[in-house]
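Here is a short briefing to read alongside the structure. Take a moment to look it over, and then we will go through it topic by topic.

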Amino acid sequence: MAMEVTQILLNAQAVDSTVRKQAEENLKQFQEQNLPSFLLSLAGELSNDDKPVESRKLAGLILKNALDAKEQHRKLELVQRWLSLDTSVKVQIKACLLKTISSHAPDARSTASQVIAKVAGIELPHKQWPELIGTLLSNIHQLPAHTRQATLETLGYICEEVSPDLVDQDQVNKILTAVVQGMNSSESNNDVKFAATRALFNALGFAQANFSNDMERDYIMRVVCEATLSPELKIRQAAFECLVAISSTYYEKLAPYIQDIFNITAKAVKEDEEPVALQAIEFWSSVCDEEIDILEEYGGEFSGESDIPCFYFVKQALPVLVPMLLETLLKQEEDQDQDEGAWNIAMAGGTCLGLVARTVGDDVVPLVMPFIEENLTKPDWRQREAATYAFGSILEGPSPDKLIPLVNIALNFMLTALMQDPNNHVKDTTAWTLGRMFEFLHGSALETPIITQTNIQQIITVLIQSMKDVPNVAEKACGALYFLAQGYEDAGSSSSPLTPFFQEIVQALLTVTHREDAGESRLRTAAYETLNEVVRCSTDETAPMVLQLVPLIMMELHQTLEAQKLSSDEREKQNELQGLLCGCLQVIIQKLGSSEPTKYVFMQYADQMMALFLRVFASRSATAHEEAMLAIGALAYAAGADFAKYMPEFYRYLEMGLQNFEDYQVCAITVGVVGDICRALEDKILPYCDGIMTQLLKDLSSNQLHRSVKPPIFSCFGDIALAIGENFEKYLMYAMPMLQSAAELSAHVSGADDDMLEYTNSLRNGILEAYSGILQGFKGSSKTQLLMPYAPHVLQFLDSLYMEKDMDDAVSKTAIGVLGDLADTLGSNAGPLIQQSVSSRDFLNECLSTDDHMIRESAEWAKLAISRAISF
Amino acid sequence: MAPHDLRRPFKRPAISDQQRRRELSLQRQAQNRRDAQQHARCLASTLLYLQSPHPESTSEPEVEVEVEVELETETEPEASASEIDIRQASKLKGSQARKWFARQLMLPEWMIDVPDQLAQDWYVFARPAGKRCFVVSTNGTTVSRLRNGSRLHHFPSALPNGARNRDASGSAQSYSILDCIFHESDQTYYVVDMVCWRGYSLYECTAEFRFFWLNSKLSETGACDPPSQYHRYRFSLVPVYSCDQPGLSAAYTGETPYVKDGLLFYNKHAHYQTGNTPLALVWKDENCSQYVIDTDSKGQIPSQQQVVLELQDNGSLTTSDDPPVVFGCLDGGFMQKSGLCSGNLLRFAISNGGLSFADGKLEKADLHYLGKSNRARAFADSYSKVMFQYMARHSPIRYDDLIGSISSSIDQENKPSDVQMDD
């Protein structure tokens, strides 16, 4: 079918929206009528050097979008669609694409590169297009520079798109050879060099074997280091990006090069342009990240062969690294505190200094203190700010013993500076530093308090005063108060030092929320967050004052719901505020609901509060929904069986939440609230269970719902079963097969990465909690025999989990508990089955002798229940 | 190949308060789920019924034996309303509590013949002399109750939830129940069995398991430590032996910190069951007990054995067993003349005619009426008690007989003992 696509593609980019829409409609029709022909036309357009660049570029983009999508389920559809296309069509399209990378039009080449990578991403896992990489590599040597550039770019995109295990080592070697040659001094074309450097960045994940070979690694490292000295800025930047990636991917191979890299990075930080200097600093931040992880994991004592040891690169570089970073602190930008998107060398340097302090601890202190002492009182604000920032940065990492004497001296100075320094930037950093002091050096775990009877009054007065300052400073002051309050969270029901100031603090925070400019620098959010923390950490003494907050916050929420005729911008702000107010009420409900006397008084507001929450659901903001839902969950927990009276009205919003696939957080929270309601209402939830179960089962079968919601849904089955007992009977035929197939899928995860394993374990935990709830729900009923057919599978699941040896502690605890529940509910009927299972012997014994208190307790339960079951 | 964003969080707490609220909610929900689960696990498994056992259980004497017929009729109006589980029972007060706990102890029969397989299936230990009682710890306090349900002590202890100072791991409502003997001279509770632990019921567990559990759990709590402010009485384990030759000998002759009052034999496979059971046995001789032959109210051994029997509607005189064993019959005239009625507990002496047996069954007893029994008595003697006392006066089972019974199955003897309990 010959169709003139060029004009349509050009029209689709027209300024006139009627023309544009018409063209878009044409394209859509074309695609729907004949997909192969549509794709072929696009590929033809892209590869045709006689066509305008604009139409070629759009043709390529549409092709790319026909192969990949962000949403997982859509992506899978597109992959299937491509795979099922006629082979001859695919061959023609691929030929067009490969032809395009020799084109003289850079935009066409670049677009084709990306499309090739997408096709490779689909076909290589299916062992199709095996000749692709060979074909590309044959381009490398003889052709003009622009083709070499495009070929390298394509290889880079392919490496980004495809998993390393799909490309065999021989081809990896060839790719790396081509890439490194492209970066080499023998290559004279800078565009080729740049493309090669970017390609290396993506290919690093493929180079595992090559980095284990000393000669090959030396060569790669030499070429990368040389590239950092290129006269071309973008090449230097790309080369440093490679170094950053190497520092995290191949940390354990860095030792021979670290001295050279230090010299290179130091020079770049001092002399090079900012984009390059930022990457140079990032190299050290990334090394810090690695060492912090290693030291955290092993507690400083390295043992075992497969583990990565800590090489203490940061500690060794410390005497030169710290002065280098301190120097960057003086290069602040004038308004960086007001600019959300700001990122400059001073910020990067300070952040890196903070990471260095966390990596090396006490050793950083003597290297930083002289800088602070020298600059803290200088007339130039840059020096005062840099000194303060340096101090704030090192407050996490070094020991309290080392820091507390310094903080005791600095505290008073900082309080004065926060009141009197003429510069906003200095005040912002000062308030932030006070917050860091309270975050890390104030709390019941520390022996010598930095906040005492004598200075608490002054600290609070200063912070409250500072909350009237410009928004960015006031926001930091709120933050400092947040951590001040948090330090007293263990005061429990006894007296808190904050009690005398409680009223004043709450009043000041409420005043902040009403400031005209509270929308700037997220000031309003910070004020509510601090209010929440102050409430959370309050004691019984101040419960009457917390109670007084309830009608106040409810009134505010009421007002936001009454507001009429808002612009979309105003509506968005209104929704944000509703979220904050619901969040605040949630915290108050939890606080007052946790003790009987306050709960009793507070529940008089429950009806009104519930009515307000339900009205929030009328808004279209996911955040507001989520917060209202969380608050309702807390209310259900506090109200207990009394919550039943809200169910007729609340139910439809509950269902709505369970159907909210797009905002999966809302869905997840709603699933949690179903659990709250189950425990609150027990069997009174029965009339709503048909609807809830239907929705939950739909959620599970949907491939649109974010996977993180599925484990809580399984747990929720358990909550429901426990609440309604044997009435769960009618759901067994739906729930059990789902649980079984999910169990089978989650039993084996060989070769998965850490994320996948973590997810799998949360899925296992959900499945096991479901089994546990169902088994316990049926206990003592006359219908336990309905569960017998499922018992072999449950035991098999436990056995295979045990054999896999990759459960985390939470799963072990739940799993061994399920064994007990099975024995407890099915009793002697299941006795022989249980005795045959590996779980009842080896797994149980392992759990009984573990150090983990929770696992042992569950195991003891299981042992007891089994002993009863088999002794009948 | 988009360059990665290298901006890091700057002057910001690493976590937002919204995220914190979310996480705190999830934590609360997870905790509530655990509590609900825990509640379910403890709840139904500890249901003990105050109603009569189901009819079918009478055919199986091991399953459940009702002891105190008298109490049964008394409690019926209250009990019929609901079954009382242990958690509720642990909150009962006054006479209610007395009635409930009076029915919960497992009462060993007296050993009137030596069981088969003694070495294989039984444990033995020296019974401490003293008051048999239940010790219940819950809600920050500990109460001990005697066999008739009345309260012996109310005190703080290191048992789970047994004192107010201890931060309870798990719910404060969770309760533990121990079967103990309080030994006056060293003011120590010797624990002979474990019935519930931290809310979990061990009623349906075998003795083997209960002893294992008792042995591993009790010392963890610090209950075996010397008394202190929050732990008024010391608890102590009793050494339990497998009933092979060395075990029996250790129990019989071994030194104990307490005064012995006979030996107790527990069948390893038997559950804890309320009331009389033939799967726990008591045996005594003069070497291991000061009280082999019953004394009268003045502490003297009467010249003739005395028994207490219950008078039935039809005039028959029965033991407290279920089913009851008939020892004789009063004629209606005598009953009318002495103003006796059904349910009365009557004291008799066994006269020179003694007891006669045919095919191992009691055929005839030469009883001599002495009068009504002491009012404090709650129930008649059991058959095994009468028989043991009778044998003690005529042809007692001797220690050598026990040893002999073990040796007769010597080939089984070299099994290692499963449970060794030491102080």
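How many salt bridges does the count come to over all chains? The count comes to 54 salt bridges over all chains. Please keep in mind that this is a predicted model.

**Where chain B meets chain A**

- On the chain B side, 43 residues take part in the contact, and chain A brings 83 residues to it.
- The size of an interface is often given as the accessible area lost when the parts come together.
- Here, chain B and chain A bury about 5300 Å² between them, with 53% of that on carbon and sulfur atoms.
- Nine salt bridges are counted between chain B and chain A.
- One of the salt bridges joins B:D17 and A:R536, with 3.4 Å between the closest N and O atoms.
- There are also 20 residue pairs in polar contact between chain B and chain A, both residues being at pLDDT 80 or more.
- Three elements of chain B each supply at least two residues of the side that touches chain A: helix 1 (17–43), strand 10 (200–201) and helix 6 (207–217).
- Helix 1 of chain B gives the largest share of that side, 16 residues.
- Sorted by class, the side of chain B that touches chain A holds 17 nonpolar, twelve polar and 14 charged residues.

**A salt bridge within chain A**

- Side chains of opposite charge can pair when their charged atoms come close.
- A:D191 and A:K234 form a salt bridge, their closest N and O atoms lying 3.7 Å apart.
- This pair links distant parts of the chain: A:D191 belongs to helix 11 (residues 190–203) of chain A and A:K234 to helix 14 (residues 233–249) of chain A, 43 residues apart.

**Two crossing helices in chain A**

- Helix 5 (residues 72–83) and helix 7 (residues 106–123) of chain A have axes that come within 10 Å and cross at roughly 85 degrees.
- The two helices of chain A, helix 5 and helix 7, are therefore roughly perpendicular to each other.
- Helix 5 of chain A makes the contact through A:V79, A:W82 and A:L83, while helix 7 of chain A uses A:V119, A:I122 and A:E123.
- By class, the residues of this contact between helix 5 and helix 7 of chain A are five nonpolar, no polar and one charged.

**The surroundings of A:L406**

- You will find A:L406 in helix 21 (residues 400–420) of chain A.
- Setting aside neighbours within four places in sequence, A:L406 is in contact with A:V365, A:M369 and A:F391.
- From A:L406 to A:A485 there are 79 residues in sequence and 22 Å in space, C-alpha to C-alpha.

- A:E682 has a positive phi of about 50 degrees, although A:E682 is not a glycine.
- The place of A:E682 is the loop between helix 33 (664–681) and helix 34 (686–701) of chain A.
- In chain B, B:Q187 has a phi near 50 degrees, a positive value in a residue other than glycine.
- B:Q187 sits in the loop between strand 8 (176–183) and strand 9 (188–197) of chain B.

Notes:
Residues are numbered from 1 along each chain as its sequence is written. Chains are lettered from A and ligands numbered from 1 in the order in which they are written. This is a predicted model: local features need pLDDT of at least 70, side-chain atom pairs count only at pLDDT 80 or more; totals for chains, interfaces and linings use all residues. Side-chain values use heavy atoms; hydrogens and water are left out. Axes are lines fitted to C-alpha atoms, for helices over the stretch in contact, and angles run from 0 to 180 degrees between N-to-C directions. Helices (H or I, at least four residues) and strands (E, at least two) are DSSP runs, numbered from the N terminus. Angles under 35 degrees count as roughly parallel, over 145 as roughly antiparallel, 65 to 115 as roughly perpendicular and the rest as oblique. Contact means heavy atoms within 4.5 Å. Ala, Val, Leu, Ile, Met, Phe, Trp, Tyr, Cys and Pro count as nonpolar, Asp, Glu, Lys and Arg as charged, and the others, Gly among them, as polar. Buried area is the accessible area (1.4 Å probe) that two parts lose on being put together, summed over both. A salt bridge is a side-chain nitrogen of Lys or Arg within 4 Å of a carboxyl oxygen of Asp or Glu. A polar contact is a pair of N or O atoms within 3.5 Å; within protein, one must be able to donate a hydrogen and the other to accept it, and residues adjacent in sequence count only if both atoms are side-chain atoms.
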